[in-house]
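Me: I have a model open and would like to talk it through with you. Could you help me read it?

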Amino acid sequence: MAASALAWRLMTEADIDGVVTVARQSFPDHFESRACFENRLALCPTMSFVLADAEDTVRGYLFAYPWEGQTAPPLNTLIEAIPADADRIYLHDLALDPAVRGGRHTRAIVERLIDQARAEGWTTMALVAVNDATAFWQRMGFQPVTSPTLAAKLASYGDDARYMLRTL
């Protein structure tokens, strides 16, 4: 698929079915429910994006939101509200349909999110890398953080899960 036929835009509720489809393809071992995706969109719609083709079919997505400390929300759980003491942006999920991977679509949306976070005054971004994606995120400027406390909290994410930070 031609890169020019794809564009990132803010996510809407109408995109959730497409997000679920891409998530099933991208994270079969870490799948989250439709309710979880609806929750993340409602939590922070200004940091929820989809990569759509010319027919407006969802080909990728990104969810991010303010979060607190060196923690990550447990997989497939609903979050009632953004924590009052949020001190970083948590990049919850970035996924692409396998048919459009390798087209340099991820760098564009990560840089857009970083620019937006900086403009809003955030100084740190965090994520949990899964599916052997640590090297990918390091190329995006994120560095792994290790501690016994983090290791226990990441157990539900799989053996290769790495908590990573980037200073903005």
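Predicted model: local features only at pLDDT ≥ 70, side-chain atom pairs only at ≥ 80, totals over all residues.

Me: Is cysteine 36 buried or exposed?

Reply: Residues are numbered from 1 along each chain as its sequence is written, and side-chain values use heavy atoms, with hydrogens and water left out. Buried means under 20% relative accessible area, exposed over 50% and partly exposed in between, with a 1.4 Å probe and protein chains only. Cysteine 36 has a relative accessible area of 0%, so the word for cysteine 36 is buried.

Me: How many disulfides does a search of the whole structure find?

Reply: A disulfide here is a pair of cysteine sulfur atoms within 2.5 Å. The search of the whole structure finds 0 disulfides. Cysteine 36 is in none, as the nearest cysteine sulfur, that of cysteine 44, is 14 Å away. Cysteine 44 is likewise in no disulfide, so the count from the cut-off of 2.5 Å and the search is 0.

Me: Which elements are among those that cover the buried residues of α2?

Reply: Helices (H or I, at least four residues) and strands (E, at least two) are DSSP runs, numbered from the N terminus. Helix α2 spans residues 34-43, and its buried residues are Cys36, Phe37, Asn39, Arg40, Leu41 and Leu43. Their cover includes α1 (16-26), β2 (48-52), β3 (58-67) and β4 (88-96).

Me: How far apart in space are arginine 40 and tyrosine 65, C-alpha to C-alpha?

Reply: Arginine 40 lies in helix α2 and counts as buried at 0% relative accessibility. Contact means heavy atoms within 4.5 Å; leaving aside neighbours within four places in sequence, the contacts of arginine 40 include Glu32, Phe63, Tyr65 and His92. Arginine 40 and tyrosine 65 are 25 residues apart in sequence, and their C-alpha separation in space is 7.9 Å.

Me: Which element gives the most to the lining of the largest pocket?

Reply: On a 1 Å grid over the protein atoms alone, a cavity is a set of points where a 1.4 Å probe fits but cannot get out, while a pocket is an open set with protein on both sides within 12 Å along at least five of seven lines; lining residues have an atom within 4 Å of a point. The largest pocket is lined by 31 residues, with Phe27, Leu94, Ala95, Ala133 and Trp137 nearest its centre. Two or more lining residues come from each of α1, β4, α3 (105-119), β5 (124-129) and α4 (134-139). With 7 residues, the top contributor to this lining is β4.

Me: Which residue is the bridge partner of threonine 124 in β7?

Reply: Two strands pair if DSSP finds at least two bridges between them. β5 and strand β7 (residues 162-167) pair in the antiparallel sense over 6 bridges. Strand β6 (residues 143-145) also pairs with β7 in the antiparallel sense, over 3 bridges. Within β7, threonine 124 is partnered by threonine 167.

Me: What is the phi of aspartate 132 near?

Reply: Most residues other than glycine have a negative phi. Aspartate 132 lies in the loop between β5 and α4 and counts as exposed at 67% relative accessibility. Its phi is positive, in a residue other than glycine, and is near 55 degrees.
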